[in-house]
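Please keep the sequence and the coordinates at hand while reading.

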Amino acid sequence: MSSVSSHLESFYRVSEILTGFSRSDLMGTGAAPEYLSVLTHGAGLTNVEDLLGKALRTRDSERAVRETVWPDPRTGPLARRVIFLWYLGTWVPLPEPWHEEFGPPATPPMAEHIVSRNAYIEGLVWPAIGVNTRGAKPSGFASWGSLPGLSLAEESEGAGPGA
Amino acid sequence: MSSKKIKRRVPDHITTPFDRCGDDAARHRAELIRHLETALKLEHATIPPYICALYSIKEGTNHEAAMHIRSVALEEMLHMTLVANLLTAVGGTPVVTDPDFILRHGDTLPGIAQSPRVDLARLSVNALDLFLRIESPGPIGDPIPEHGGYATIGQFYASIKDELDLYRHKMEQGKFKEPLFVGDPTLQVSPLDYYSGGGEVVEVVDFESARRAIKIIVDEGEGFDHSIFSGDHEQFGEQPDLAHYYKFKELRVGRRYLPSDSPRSNPTGPAVPIDFTERGVYQASIVTAKVYAELHESVLDDIRTFQRTYGQLLSTLEDGFGARSGDGTKSEHFRRATELMFDIRHLLTKFMKLEGTPIIPEFQLGQQSTDAP
Amino acid sequence: MAKLDTLFDVVIVGAGVTGSILAKRLAERGMRVLLLESGPGTGLDAGGFDQFVDRFYTQDIKSPTAPYPHSDNAPIQRPFVTYYEQRGPMNYGSNYVRHAGGTTLHWMGTCLRFLPEDFELKSRYGHGVDWPISYRDLQPYYRMAEWELGVSGDTDEQERVDPNDKLYKDDYDYPMRKIPESYLDLTIRNRFEGKSITIDGDSYPLRTSATPAARNSTPRRNLTDPRDDRPLDDYYRPVGDPHNPDERGQRCQGNANCIPICPVQAKYTALRTLHDATRRSPGRVQIITQAVASRIEIDPISGVVSGIRYKKYTDPQNPSFTEHIARGRVYVVAAHAIETAKLLLASQAANSSDMVGRNLMDHPFVLTWGLMPVPVGSYRGPGSTSGIPMFRDGRFRDRFAAFRIEIGNWGVEFPNGTPASTLRSLVDRKTFNEAFRQHPELIRQTMHEGDVFGDELRRTMRYVCQRQFRLGFELEQLPDPSNRVTVDDHFLDEIGNHRPVINYRLDEYCQQGIVRAKHVSDQMFEVLGATDETDYNKPSGIAANRIEIQDRMYEFHGAGHAVGTHRMGASARDSVVNPDQRTWDHSNLYLVGCGNFCTVGTANPTLTAAALAFKAAEAITRELR
């Protein structure tokens, strides 16, 4: 576990790029250690280290992710799993061909599952689309009558449902 | 009959601010307005510490504690609304956006001499001890401090009750000509505007409704006629509601009250499981200057958002208190306020979960947000 | 065999909404009531509801039944598990919940009344049958049901749909104001303004209407509670979590999760009525959970019911049980349209008309979906807050099935699994396509190409998902004797009770309705300026049925509205119960629930079933006094 937790800072930096969410947003889920641990279980530490290493090798990590990590047959599927974990709180299994080619022998493919109760509640898919987690983060009576993220003043300035 | 003195709660030998108003009805009303302005601040002051404790509870754990603290917090919000109604009814204007309206971490309750320091903290034994002190009304007969204010919360509200009785009495005697309830009745918040699980809002238009409003505030806090229960569950078949003090007592002792328990003894009923460790509570603490300096820039952004949102909440409430009912504006302000309350909840939860450094931010108005604590 | 030595006044099978209402009403009138519930009673205990909520969070697939632990000894049809023996030609797509509280645990809460015309389908339009009672007969019971369920709605607005219907008594109103419309509703309403569509040459002005729902809203004042004709002193007091004495009726908070579970219980579940029944009449209501009624015992000479035989189990996952007989003066089966029919058939009870199990209906549920041209704030608020009412009734009913159109506030979650499926298609197009080929039942291919991450992913997700919406067309289905539930000793569950054998099809009348529904949808999408993403050529595995009508493919789902299997009638020849809900064949056996419906109309059936339960309670009270 210590080798996993020592990667936490790198995991945050790569996750910021992949998810488009701020460090505070990611830390505020409280879920990063859990996600990193699930990712390591599902893909093997070597592959995770490869993902983090490739992404953070240069100063322009965004570019490294886009040009190196994302299209790469080994790290690309991993990067996508990172997004699924943060957005859905769900481990989405890696494709079988990936396991055949890159999967560590001691790591059998892990079935799809919700990582934890907290992972569902803190799924970033909801804030990404401007709403709250269904069934866990209420938005208040009648909040659904206006567009999310608009103040009263903005609405009255012509952005109402008739527009 | 008319010369008969009315029985007051604050002992006669104690001189309250109302006693200094003589037979001047206008001075009495002005003094009552000042008292209710303090009461508004007082009722609000309990909400930040309660919701910090509430949202420090990890979801799915400490069910009883969460239920109790949540119900108390909701009732405090109701009390704040009731005080606003009282204030409006006697011709005052609820203002909740002054920079000093919100207590800072460690401040004492406004106008109360024997007040504990109100800290913002996660749920803990210390937090519950603080809540017990806040909800313990204290003796009515202690001497009033020389520099103003009251000795205890109990004395403060007793004095307001006495004043309502006195004013009514003086009007009946013909000594006061000017009615007390001069406020615009369309400014009253009604259940159509504000509705929560915390109970029903009373529209204050006369002595009788004012008495009911004060009674809810006092009974739910300290208990009804010194019993454990708050006495507002008259409907057949409903369980009686515990007064705030006794709810916190149950959590502090870790046992439920039985109907046979005396208010002076500890609860002796079934155990109430409570877990203050990190299994049940996010181990968050108030942001100190040292912690603040080390927080990630994006976390500081979120703290500023939190404080701005809290400021918006208060100004929305102020707009709501000041709006006329009838055309939907009033309820729209309260609808918006409810939305902001949930935003506050979700932001606080985020701080509590902040991996590595769970924090509790200072509650303050948005405009001061650029200052580091 | 153990015997319960108590003789109850009334033995009720099923602790769902109708059984609970009966138990509460009868106990209030001093009767001793026993409720037998086949499923677990988790929700009856303090903290039980929170267990459901916890379970919801951690279930991988958030299906309607996900929060409610399954009992192998009281099974249901659910994803990837077969309970029905489907004999075709089509699949019956609706299920229910076997738990104390019944299917109200995960219903949407829609509380529309039937229309007066719905009771007279045969005489007005020449289809189906007439009910033996009229709208007027049911009207007082609708009022009671609306107060028991705590319905929010505005009578004025409901009545404007067709003022001739005179749906409400003059001084009546719902206990709470209507649930505010969603931003999507308002957007659609504004875009409909002044527009019409044309179906079969007839013009229909477009309009929307807020939907009454059993969901806490803003209380009204100065009304009379119709259940006991008691004037309220002040405001109506909403009811919330019955186990939290401080919870004075939580108002809807916008958890956007009515199905599968409202975490704050702002939505009615029968747990409230059950709680009232046991708390307000202490000692008079007993509930036995995990007790599956297996046979109605009938005295062969007199024809009266002498007991209900039931199997009591302790572990929902272990098929061991003990057998008992419950005895009462009157018996009521309130076990859901399919389970009640099953029990009657297994007991050879109440079936001299040969109508038991027949005329099984549902609202075949046709969905269309796409993107609005502007953001509409999807995925917020109750699942639906408005409907489009024009096709609930009209002259067209002599030609094709009526339908109610529900506006869906939760994107295209149903049936396409958005926004998760949208995310998957945007992030991992290639794998998504492969997965889709292998497991079409899990996800439907969506239109959003992409291979994006980071800020671009957030932007695209927000752009797409904020515009997603769907319309749901709930069609009226006619009573068809060949649509039926039967039992067959070859098909038994773990503890030897019958699994339902189901024959099901859609007739021409309903199919013609489906074709019109799609025409209506096409024209509405055009008026709305919306991008229509409905594509029935890409199959969805979760749809109950795919059907080809006039060379075009359609899909429909179950709406969860099983009705008709032991219908009410004016004659013992062609119906199972009389207007008092008493079986024609057994003087002390009553049936309540949606199985008593003669036709299904276009209203979600729970409110009408609840109203009929109030009616039955009066009949039983008269009989036992």
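How many residue pairs are in polar contact between chain C and chain A, both at pLDDT 80 or more? The count is 21 residue pairs, where a polar contact is a pair of N or O atoms within 3.5 Å and, within protein, one atom must be able to donate a hydrogen and the other to accept it, residues adjacent in sequence counting only if both atoms are side-chain atoms.

## Basis of the values

This is a predicted model, in which local features need pLDDT of at least 70 and side-chain atom pairs count only at pLDDT 80 or more, while totals for chains, interfaces and linings use all residues. Residues are numbered from 1 along each chain as its sequence is written, chains are lettered from A and ligands numbered from 1 in the order in which they are written, and side-chain values use heavy atoms, with hydrogens and water left out.

## The interface of chain C and chain A

The contact (heavy atoms within 4.5 Å) takes 58 residues from chain C and 53 residues from chain A. The size of an interface is often given as the accessible area lost when the parts come together. Between chain C and chain A the buried area, meaning the accessible area (1.4 Å probe) that two parts lose on being put together, summed over both, is about 4,500 Å², and carbon and sulfur atoms give 61% of this area.

Six salt bridges are found across the interface of chain C and chain A, a salt bridge being a side-chain nitrogen of Lys or Arg within 4 Å of a carboxyl oxygen of Asp or Glu. A:Arg134 and C:Glu413 form a salt bridge through their side chains, at 3.4 Å from N to O. On the side of chain C that touches chain A, the elements giving two or more residues are helices H2 (48-58), H6 (183-192), H10 (420-427) and H12 (454-465) of chain C; here helices (H or I, at least four residues) and strands (E, at least two) are DSSP runs, numbered from the N terminus. H12(C) supplies the largest share of that side, seven residues. Sorted by class, the side of chain C that touches chain A holds 25 nonpolar, 19 polar and 14 charged residues, with Ala, Val, Leu, Ile, Met, Phe, Trp, Tyr, Cys and Pro counted as nonpolar, Asp, Glu, Lys and Arg as charged, and the others, Gly among them, as polar.

## Chain A

Chain A has eleven helices and two strands, which run from the N terminus in the order α-α-α-α-α-α-α-β-α-β-α-α-α. Of its 163 residues, 64% count as buried, where buried means under 20% relative accessible area, exposed over 50%, and partly exposed in between (1.4 Å probe, protein chains only). Among the contacts in chain A with a separation of 6 or more, 60% come from residues 24 or more positions apart.

## Salt bridges within chains

Over all chains, the count comes to 77 salt bridges. In chain C, C:Asp276 and C:Lys24 form a salt bridge whose closest N and O atoms are 3.0 Å apart. This pair links helix H7 (residues 270-280) to helix H1 (residues 17-28) of chain C, across 252 residues. C:Asp276 is buried at a relative accessible area of 18%, and C:Lys24 is buried at 5%. Both C:Lys24 and C:Asp276 belong to a network of salt bridges that also includes C:Glu148, C:Asp225, C:Arg227, C:Asp228, C:Arg230 and C:Arg280.

The salt bridge of C:Arg399 with C:Asp398 has an N to O distance of 3.5 Å; C:Arg399 is partly exposed at 36% relative accessibility, as is C:Asp398 with a relative accessible area of 42%.

## Helices and buried positions

In chain B, helix H5 (residues 153-172) has 20 residues that should span 28 Å at 1.5 Å a residue, and its end C-alpha atoms are 29 Å apart, which agrees; the expected span is 1.5 Å times one less than the number of residues. H5(B) is largely enclosed by the rest of the structure, because 14 of its 20 residues are buried. Just after H5(B), B:Gly174 takes a positive phi of about 85°.

B:Ile214, in helix H6 (residues 207-222) of chain B, is buried with a relative accessible area of 1%. Beyond its neighbours within four places in sequence, B:Ile214 is in contact with B:Leu86, B:Ile160, B:Lys161 and B:Leu164. B:Leu86 lies 128 residues from B:Ile214 in sequence, yet their C-alpha atoms are 8.5 Å apart.
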